[in-house]
Amino acid sequence: MRVTCSHCGHRFQVRDDAAGKRGKCPNAACRQVILVPLIQDVEEILDVEVIEEAEPVERRPQPSPRMPQKRTSATQRPSKSVMREPQYKAVQPVRAAAPSVAKKKKKSKKRSEGPSLTSMIVGSALFFVVIAGVLIARSWNSGSEAQASAAIADADAKNAVPAANYASDLGPFIHKYCGECHESGSNAGDFAFDRYRNLDEIKADRVIWGKVLKLMKVGAMPPPDSAQPTAEEMAKAIGWLDHQLFYVDCNVEQNFGRVVIRRLNRTEYNNTVNDLMAIDFQPANDFPSDDVGHGFDNIGEVLSVPPLLMEKYLAAAEAISVKVVPAGSPVYENRIVNGGSMKSEDKAAHSNGEVMGLVSRATAKHEFNVPRAGKYKFTIAARQDRAGDEDAKMVVTFGGKELKTISVARRNGFDRFSFDLDLPAGKQVVTAAFINDFYNEKAEKEKDRNLHIRSVELEGPFGISPEEREKLLLSKIVPKEGVSVEQAARENIQGFLPRAFRRPVSDVEITRYVGLVKMTVDRGETFEEGMRTALQAILISPHFLFRVEGGRRVEGNVEFLDDYALASRLSYFIWSSMPDDELMELAKQGKLHEPDVLRQQTERLLQDPRSRELIQNFPGQWLGLRKLTTSEVDPNAQLFPQFTQEIRKDLWKETELFFDSVVRSNSSIYDLLDGKYTFLNERLAKYYEIPNVSGQEFRRVDLSGQPRAGVLTHGSILTLTSFPDRTSPVKRGEWVMSNLLGDAPPEAPPSVPALEETSTKNPNLTFRQKLELHRADPGCASCHKEMDAIGFGMQNFDAIGRFRELENKQPIDASGVLPSGESFNGSLELLGVLRKHKAKFGRCLTEKMMTFALGRGVEWFDRCAIDSIMSDLERDDRMSTLIFGIVTSGPFQARKLVSPAAESTESLMTSK
């Protein structure tokens, strides 16, 4: 039968027994994978619609994650996606639905009550003709199967695309234009091409060759002073290398990569501890700083566990256990108040800061807040200046009731007087009154009797009330008559452990921690001490400290994550914390990965206040806002006295609120690029010289008529991309290329002179002229041509983000021309040019957020998933499209299958 290639339109003959199978188009210019439809000959004759359906697979009530859409190349735009049960073997044999003849419309006749005799005869004849034709065709094909197979094999041989060969395809180019510096013993830059003998070795060193490709693309290699290839030669070499390194056939089973088993970073540890145990504690603030990879601090491959961190884990576990498993009441406290902090309305009372001195009849008082009714211990510390025949006396009252009249005998140091009290909840006032003042001016010694109060203390409440016991997390059940230590410990642990490990646990695991409680109690410690020991063991377990992900099924080389692992991926992506009870219950039911359920849960997590973690952590690292709190951003105080610590915080908050608005209002992601609004308070508005903003609360401010739009003109970005004493078009241009366009320039070659060297040799030139002279160096021009042009577009903003029109009393030239020939003058026109290339920004943002969500860098094999998300964004560019696209993507929900041995090796690598 005849088949038409859906990619190039080429028509060719295939055997009938190829129906439902896949193969490559014989057109040498195409060679794309196509699917041969079933009984096409019948379809063409009858002109009916045939519904193609994937070969049935095992049906499950829970659909799999969405696959990237099929397309002919990594760069071709995907077609509109349809939500369906995905097939990870992207091209499956299909079968046609039972053909149905489409009836032609006929003019109605009043007396027609059914098909006419003529139509029935014609239809029957046509049907038998079709069947006969099919049978004859199949009979002929069966009789000439050998000849047909030989013909097809011959056609394939003639149109076959030769396999890529490094030695013949790229080797001559490398030898001719790069060999002088990088072959035959020459290894400039510690790099030589001699070590690569074939394409497999190149692909095994894909990172290095990616850098080679980037240098070729920007024109930095071969160097300008070397022999140069023609434009055609360069284009051919770049195209070949790019295809071999990064081409992904999205029509075949995908490689979803694999995240290294990773530990919780500091933010995740604090949030997980607080959400797990309902406390407010930040133990990880004392941990060593997390390493950063691919721009983020949650990347598994860099989150190592050094010995110091293990020590911190142990100390944190002990401190947490004391808070979570109290020996007494959770509100127990020893409240100590210095006497000098007590109040007195008497002139005879004098405070020196720590001690209250009563030099005549006077009263000192303090108000305690009693958290709950219960037993307390009150203590007062005092001494006297003795005079006369008796000691100083003070009357102590608590809550309006007199406790005792005390004779204070001690002169040096302080006597402590304690009282056991049964107090109601609420505010209670304690008073100490000096009642026997004495003064004898004739005495040589001990003339004046005085009272000095060192402190008042309220300790308690003692014991745990039934109401408090009910609220305790790990000591709600205690041993008593009929309840053994093991039984009580098991009751406390069995509900806690699955939440701590973020997955179901076995009875063996529970028994292990129950045994620790029993062992502690058998050694003479209390049950509470035993529960603390068990909790400490749980908190230093790899199942708590690391995000260990399980799989639910395998298809080919793809392993789908189980719903518990998916719950953790989702919650740590949006909350930087553990899954809550609702996510865990859906995971238990096996429903979380269902598309509708997953979307609803993603929306719920975004609406929860805990999503502030995504708002703070993602842009804080993507845009570099965290640098604002370091010495890396330190404007010269003499040149820029307006840059105060308050302004530093306001600048960060402006950008954070701007990103928050885009997420929570579900605005276009491209608002981040050129949205004409921002968030200001009065102080920051005055700093920007924007009128009509009053008050210290931040609010949305329209930027119409202002030279600002998007994050690029935020003072935070402009400041962190400047030097302490001046702007830097180079840093600003590099920041835009790296963080907004996803096209980071390569590192400068070591032989390129620094800008300061150029400035020293030419002190009378303007800054722009110095940069242009620097760019005139052939070793600099390739990268600086685009980078500097972008940076000059922001020259109207000074080193701390304020707008200006003059520099050193000279008009600022903020014009630029990109290598594409597009020109602009000023920040708004620059943003207009960038908006024309919004797809580059959208792809960059997608890759950055995908990196943050996955905990690994985006790789070449993720291109299909990224392309699929970009296709969705072309139809709907709101932030929810991006977030849902990531959550429903293959890399987020699945991973590459590896052998158990490889996984063990991977686990060991994280502990080095």
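Select helix 31 (residues 863-875) and helix 32 (residues 879-887): their axes come within 9 Å and cross at roughly 155°. Axes here are lines fitted to C-alpha atoms, for helices over the stretch in contact, with angles from 0 to 180 degrees between N-to-C directions. Helices are DSSP runs of H or I with at least four residues, strands are runs of E with at least two, and both are numbered from the N terminus. The model is predicted, with pLDDT of at least 70 required for local features and 80 or more for side-chain atom pairs, while totals for chains, interfaces and linings use all residues. Residues are numbered from 1 along each chain as its sequence is written, and side-chain values use heavy atoms, without hydrogens or water.

Helix 31 and helix 32 are therefore roughly antiparallel (an angle over 145 degrees). Their crossing is right-handed, that is, the near helix is turned clockwise from the far one by less than a right angle.

Next, display the side chains at this contact (heavy atoms within 4.5 Å). I869, D872 and L873 of helix 31 meet T881, L882, G885 and I886 of helix 32. By class, the contact has four nonpolar, two polar and one charged residues.

Now move to the open sheet of four strands, in the order 11-16-13-14 with antiparallel pairing; strands pair if DSSP finds at least two bridges between them. Strand 11 (362-370) and strand 14 (401-408) stand at the edges with a single partner strand each, so one side of each lacks a neighbour in the sheet. The twist averages 20° from one strand to the next.

Finally, select strand 11 with strand 16 (residues 426-434), which pair in the antiparallel sense over nine bridges. Q428 in strand 16 is the bridge partner of F368.

Technical notes: Angles under 35 degrees count as roughly parallel, over 145 as roughly antiparallel, 65 to 115 as roughly perpendicular and the rest as oblique. Ala, Val, Leu, Ile, Met, Phe, Trp, Tyr, Cys and Pro count as nonpolar, Asp, Glu, Lys and Arg as charged, and the others, Gly among them, as polar.
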